[in-house]
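Trainee: I would like to learn to read this model by its helices, strands and contacts. Can we go feature by feature?

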Amino acid sequence: MSGPAAGTASADATTEVVCLGESMVTFLPSQPGRLADVPSFGRGIGGAESNVACALAAAGHRAAWVGRVGADGFGDHLVETIAGYGVDTSAVRRDPLRPTGIYFRTATDRGAGAHEVAYYRAGSAASAMSPANVPYEEVFAGRVLHLSGITAALSADCLELLRELTAPRPGRPLVSFDVNHRPHLWRGADASVLLELARRCDLVFVGEDEAEEAWGIVGAEAIRAALPEPGVVVVKRGSAGATVFSGRCPGPRSSNAEEAETVTPVPALHVDVVAAVGAGDAFAAGFLSATLRGLPVRDRVRHGHLMAAAVLTVPGDLTEPPARDHADRLVALDDGAWGRLRLGPGWTAADRAPEEVRTP
């Protein structure tokens, strides 16, 4: 994905989305196989929140990333690369005492048994984020503040920071929270705190699988029952698509039991997957982009599916999204045509009409 020249990009006062969290330098394998057998790695970047910021910027939105990196070459690479996507990085802080996190991964799907990830993030600069050193004015500068549960697992200070950022306060932007449960980060710790944080937010993204693993909650309806406060809960259901609960429902969130809860199921797309990484972040970016545009709930989910499909059909975590008018044409298809879509590598090209990506 192309962007402006590398450097510390800054946005104007009309920032739409601020994303806060850790970004790391990612080392991607040159060939399949065990980490012990891979002879060399290519360098990339990875981080749930910065991925969302980059995807939003590429889709034409004013996005900012707030994080903390080391005063080292890897920190330089992260800031310059993320800024290169058009993201405002002016609020990123450099830590002279702690390193930038890095990790290595194999080429297999994250859910596969053979998948390996070696993280070197303990004691990273990002793990030192706290209520005392984060620039609140910049964090609350956008229409939306996007967070994820990954940050809560990095340290006690990071967890306290998320509690501060999700606390009710006058003038708080819409707070978007992707649960992003990562089991390896919660070993020996209680991941139920992610439920506590999610309940304090306005928009929540959560997978059925992670809700069961982290909280023992099974099924979309049960997840909504456990998250009555957020105005919108997006339950990701893998190949079954996503179900969105929105509006009011009887319970603690509503003073009027007659206000109806809207439940919107949206089927997933058929995608010829190249690499199953970064799809969740891309989905969140697509949904947020459509939310900022004021589109109906069904269209928000479809834009999420399309943004995820763009990433799934390339090797890395980030890619050029489809042009807005191209995506809008696909989103506007009737249910039958949507169900016949099959997207593979190259589908985002601007000259591809909807008919060209339909299943015969």
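Trainee: Is helix α1 mostly covered or mostly open?
Mentor: Buried means under 20% relative accessible area, exposed over 50%, partly exposed in between (1.4 Å probe, protein chains only). Helix α1, residues 48-58, is mostly covered: 10 of its 11 residues are buried. Among them are E49, N51, V52 and L56. G60 follows α1 and has a positive phi, near 95°.

Trainee: What should I know about the source and numbering?
Mentor: This is a predicted model: local features need pLDDT of at least 70, side-chain atom pairs count only at pLDDT 80 or more, and totals for chains, interfaces and linings use all residues. Residues are numbered from 1 along each chain as its sequence is written, and side-chain values use heavy atoms, with hydrogens and water left out.

Trainee: How are helices and strands assigned?
Mentor: They are DSSP runs, numbered from the N terminus: helices are H or I, at least four residues, and strands are E, at least two. Two strands pair if DSSP finds at least two bridges between them.

Trainee: In which sense do β2 and β7 pair?
Mentor: Strands of a sheet pair through backbone hydrogen bonds, either parallel or antiparallel. Strand β2 (24-29) and strand β7 (102-105) pair in the parallel sense, over three bridges. F27 stands opposite F104 in β7. On β8 (117-120), β7 runs antiparallel, with four bridges. There I102 stands opposite Y120.

Trainee: Which strands stand at the edges of the eight-stranded sheet?
Mentor: The sheet is open, with mixed pairing and the order β4-β1-β9-β10-β11-β12-β13-β14. β4 (63-66) and β14 (261-266) are the edges; each has a single partner strand, so one side of each lacks a neighbour in the sheet. Six bridges join β13 (242-247) to β14, and the two run antiparallel. S246 has T262 in β14 as its bridge partner.

Trainee: How does α10 lie on β13 and β14?
Mentor: Contact means heavy atoms within 4.5 Å. Axes are lines fitted to C-alpha atoms, for helices over the stretch in contact, and angles run from 0 to 180 degrees between N-to-C directions. α10 lies across both strands, at about 35° to β14.

Trainee: At what angle do α10 and α11 cross?
Mentor: Angles under 35 degrees count as roughly parallel, over 145 as roughly antiparallel, 65 to 115 as roughly perpendicular and the rest as oblique. The axes of α10 (297-312) and α11 (324-331) come within 10 Å and cross at roughly 120°. The pair is therefore oblique. In the contact, R298, D299, R302, H303 and L306 of α10 meet A327, D328, L330 and V331 of α11.
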